[in-house]
Amino acid sequence: MKRISLAAAAAAATTTVLLAALTALAAPAAPAALAATVPPAAAADAVSAPPSGPCALSGPGGAYQFEGVPTPGNFRTSSGAVKAYTVFIDFPDAPAEGTPQERYAEFFPAVADYYGKSSYGKMDYRSTPRLQWIRMSKPFSAYGIDRGVPFQPGYEAVTREIVAAVGDEADLGSYDVLNVLATPNAGPPATEKVLSVTFAGGYMDLGKGSVPWAGSFIWSRQTGDSAWRVLAHENGHAFGLPDLYATRSGYPPHFAGHWDPMDEDWGPTNDFMAWHKWKLGWLDADQVGCQAEDGTREFTLSPLSVSGGVKLVAVPVSANELITVEARTKGELDAAVCRPGVLIATVSTRVNTGTGPVRVADSTPGSEGCYTDPNVSADFSDATFTPGQTYTDTRNNVSVQVLGTDDDGTYRVRVTKGADAG
Ligand SMILES: [Zn+2]
């Protein structure tokens, strides 16, 4: 048996269950005919240079996920070709009720398409499925799988059995991430308790020496029309992204609402915030405006939902905190946008995952919001600033005035840093 050790693996759970009212699970889409391997997609567009310059604030590093850039090398690459190996597991007391092809079709090609579109072609996500159920040796309960448990011993035991089953069929160390899709009837329904989790930022000996390793484990099924996003969220951790919802008590439940799948990955599809797109290597240098010096500048922001143009304006206010400004309009990946406008947030590169590393500024605090869905934080749904509105941060002397919008969805903003911010 191959020996596995995982050093300093950090778990990151998925979102808490938001559902107030549960809807019946939709039947999975009819399985498409799936080949054993996915043919290589077209080559990704030229890879962007890693974030640099005075707005590229670094984080503390280590095994946990932080917002700092560039992402430490112990996490997985998120631009260019990203290779996932996708396996299927079931248990003696929870034998699979469907085929691996059906389970796979719940997530692919949706997840790969999503990353391709959200990255503007910068990520070429290639999943190789191993279309057989791997029967675990013991009942589900024997592994101690529960929300928030560490990698050892349960997940290590599951992983050890997967590695043994795959054997020489694949060189797991050559893949960027291992996706483990469990039979949905193992464990509690996701509507009761979310078990899906990613272990990333650590190293694993897969038989050829220690290599950076990330594993995303998906349990049960989410509801809603883009339930596959649980895997997009989990893979986000493999790429180094932190949770934007609160994973600990003592915080409000959400800091970013439906403006990023690292906060809410249930319900209608949503795009990554611009900071994450930069961090993930999807924005070229000329798509990021950085206002590090005091003064006033005007920017024209192109909405995240279309390719090209300036996507992010960042205003650093300390060595580890900055204000981010982006345009959000309704689009294919931003299906829930009900108040198009300028989204403003505070990004802290030393705030740990699950404790608010990104905090969206709500232009309409206390409002009921403009999107009705139990999977969408309504109060944040109308957080955007619209023409005529001004965001003012008196603590950091930053203001952002929304000057206007054009037919193509671009927004013009005037950003002031320093004493003149008022
Ligand atoms: Zn998570």
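How many of the 422 residues of the chain count as buried? I looked that up to start: 50% of them do. My cut-offs, with C-beta atoms placed from the backbone: buried is 20 or more other C-beta atoms within 10 Å of a residue's own, exposed is 12 or fewer, and partly exposed is in between.

**Ground rules.** I'm working on a predicted model, where local features need pLDDT of at least 70, side-chain atom pairs count only at pLDDT 80 or more, and totals for chains, interfaces and linings use all residues. Residues are numbered from 1 along each chain as its sequence is written.

**Overall.** I found six helices and 16 strands in the chain. These are DSSP runs numbered from the N terminus, H or I over at least four residues for helices and E over at least two for strands. I also checked contacts, meaning pairs whose C-beta atoms, placed from the backbone, lie within 7 Å. Of the contacts with a separation of 6 or more, 72% are between residues 24 or more positions apart.

**Core.** Next I went to the largest nonpolar core, which has 103 residues. Such a core is a set of buried Ala, Val, Leu, Ile, Met, Phe, Trp, Tyr and Cys residues joined through C-beta atoms within 7 Å. Strand β3 (residues 80-90) gives the largest share, six residues. The core lies between domain 1 (6-44 + 79-241) and domain 2 (274-421), because both give residues to it. Those bounds come from an automatic or database domain assignment.

V111 and V342 have the most contacts inside this core. Leaving aside neighbours within four places in sequence, I listed L301, V325, A327, T384, F385, V402, Y411 and V413 as being in contact with V342.

**Helix α2.** V111 took me to α2 (residues 110-118), where V111, A112, Y114, Y115 and S118 are buried. They cover an arc of only 160° around the axis, so they sit on the same side of α2. The arc is taken from the directions from the helix axis to the C-beta atoms. Among the elements covering these residues are β4 (123-135) and α4 (229-238). After α2 comes Y120, with a positive phi near 55°.

**A sheet.** Last, I traced an open, antiparallel sheet of four strands, in the order β9-β16-β15-β14. Strands pair if DSSP finds at least two bridges between them. β9 (295-301) and β14 (390-393) are at the edges with a single partner strand each, so one side of each has no neighbour in the sheet. I zoomed in on β14: four bridges join it to antiparallel β15 (residues 398-405), and Y391 stands opposite V400 in β15.

Terms used. Contact = placed C-beta atoms within 7 Å.
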